[in-house]
2 protein chains.
Amino acid sequence: MSEAVTVKGRATRARIVEGAAEVLREQGVAFTTLDDIRGRTGTSKSQLFHYFPAGKDELLLAVARFEADRVLADQQPHLGRLDSWESWQQWRDVVVDRYERQGDHCPLASLFLQVGRDRPGARAIVTELMHQWQGQLARGMRALQKNGLVSPALDVDRVAAALLAGIQGGVTIMMSTGDSTHLKAALDTGIDHLRAAPPDAA
Amino acid sequence: MSEAVTVKGRATRARIVEGAAEVLREQGVAFTTLDDIRGRTGTSKSQLFHYFPAGKDELLLAVARFEADRVLADQQPHLGRLDSWESWQQWRDVVVDRYERQGDHCPLASLFLQVGRDRPGARAIVTELMHQWQGQLARGMRALQKNGLVSPALDVDRVAAALLAGIQGGVTIMMSTGDSTHLKAALDTGIDHLRAAPPDAA
DNA sequence: CGAAAAATGGACCAGCAAGTCCAGAAATCC
DNA sequence: GGATTTCTGGACTTGCTGGTCCATTTTTCG
């Protein structure tokens, strides 16, 4: 936005976004006020509006961007090296672990319900995230094909899309029910599906 | 709750729930006020609180129950007769169609973000819905096994859980991006997974 | 028909949370 | 070092929304 910021300014802005992300993860968007964020980040009202002139929505969008980055970052380096069965397994464990840890509020999901997904920018964030994520999964599957572990006939893009959907749904269900069974089932069945398509299949 | 209701009373209550469900589907929970619901249902404030003494949350919960019932009902009769490949395919089409129609607000997802999933009752509704849904999928898979179309060795419960997760995630992604590719991929890959496990497999 | 209970209309209240404003402190820059 | 810009503090405003209250109408039922 405005480029005229000092070091201190950038630091404050970052502090606000990170602090807001924490609060939102703990309380959920619907129950978080600007004063909660103020409290957590040790800032004043004017600071909030100084860095996010358009108000709460702009701040929430910034948090969404922040959280979206975290999602993929938390899966690295495994997500980037899905070229053997072991690496897939390791990645699976990291995903399960990450989402079991993360309280029971999905920051991204709720963020978009609040901001409204039509907002320019809002939709783009999710779309981009999904695109990246699916791309990395597909790359991993192609690596398996290259290494002769999976049939070259496999429709990688479709299976990657399905796996991604399974993860999303698994997380959603976990958020609602508190049970990670579905997430694990989606991951394991997804990987099984790859295993069930060996290159020497009839 | 209170049993002393007249025919008119029941009708009004139902009108409120159904009208509220409509508005919520269109605008999303975060942007819907009691006055919106009043407007749509042609009721007064006092009626709202007469039928839902605990206020908005109680009303939202009633809507959630209503929507949860609709979810499974909309998939019938197909969901109840998943005993052949054709019936699975038909069911798949119905699911895709249903969710493509339904605007871009998932009533249930947003409802719980607002009410808070810890509320007694809230969690139960989702859990119960997922349980029923998964149960029907598993029953269908067992029917396939019985009919000699799928290996009896298949871990039906896990695969059903994974398929359910895929559907949820597919819907979630569609809500955010407006694209039903993932939902279709999840359904098709899920069914493929069944097809890939014939009873005469080595 | 008449009393009691249920249903309805709508004015009113209260609190909260987003957003505004301006004065003052700190940094930047020439 | 002084002017200018950025940053910060916090009191204040304002609109909205959930919720209350009571008077009135309608229904029920003996």
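B:Arg158 forms a salt bridge with A:Asp192, with 2.4 Å between the closest N and O atoms. A salt bridge here is a side-chain nitrogen of Lys or Arg within 4 Å of a carboxyl oxygen of Asp or Glu. Two salt bridges are counted between chain A and chain B. The model is predicted: local features need pLDDT of at least 70, side-chain atom pairs count only at pLDDT 80 or more, and totals for chains, interfaces and linings use all residues. Residues are numbered from 1 along each chain as its sequence is written, chains are lettered from A and ligands numbered from 1 in the order in which they are written, and side-chain values use heavy atoms, with hydrogens and water left out.

Seven residue pairs are in polar contact across the interface of chain A and chain B, both residues being at pLDDT 80 or more. A polar contact is a pair of N or O atoms within 3.5 Å; within protein, one must be able to donate a hydrogen and the other to accept it, and residues adjacent in sequence count only if both atoms are side-chain atoms. On the chain A side, helices H6 (107–115), H7 (122–146), H8 (156–177) and H9 (181–195) each supply at least two residues that touch chain B. Helices are DSSP runs of H or I, at least four residues long, numbered from the N terminus. H8(A) gives the most, with 15 residues. By class, this side of chain A has 15 nonpolar, 17 polar and seven charged residues. Ala, Val, Leu, Ile, Met, Phe, Trp, Tyr, Cys and Pro count as nonpolar, Asp, Glu, Lys and Arg as charged, and the others, Gly among them, as polar.

The contact (heavy atoms within 4.5 Å) takes 39 residues from chain A and 40 residues from chain B. The buried area between the two chains is about 3,200 Å², and carbon and sulfur atoms give 62% of it. In chain A, A:Leu113, A:Arg117 and A:Arg158 lose the most area to chain B, together 18% of what that side buries. Buried area is the accessible area (1.4 Å probe) that two parts lose on being put together, summed over both.

DNA strand D has 22 residues around it, and A:Ser46, A:Gln47, A:Tyr51, B:Lys45 and B:Lys56 come nearest. A residue is near the strand if one of its heavy atoms lies within 4 Å of it. H3(A) gives the most to this surface, with five residues.
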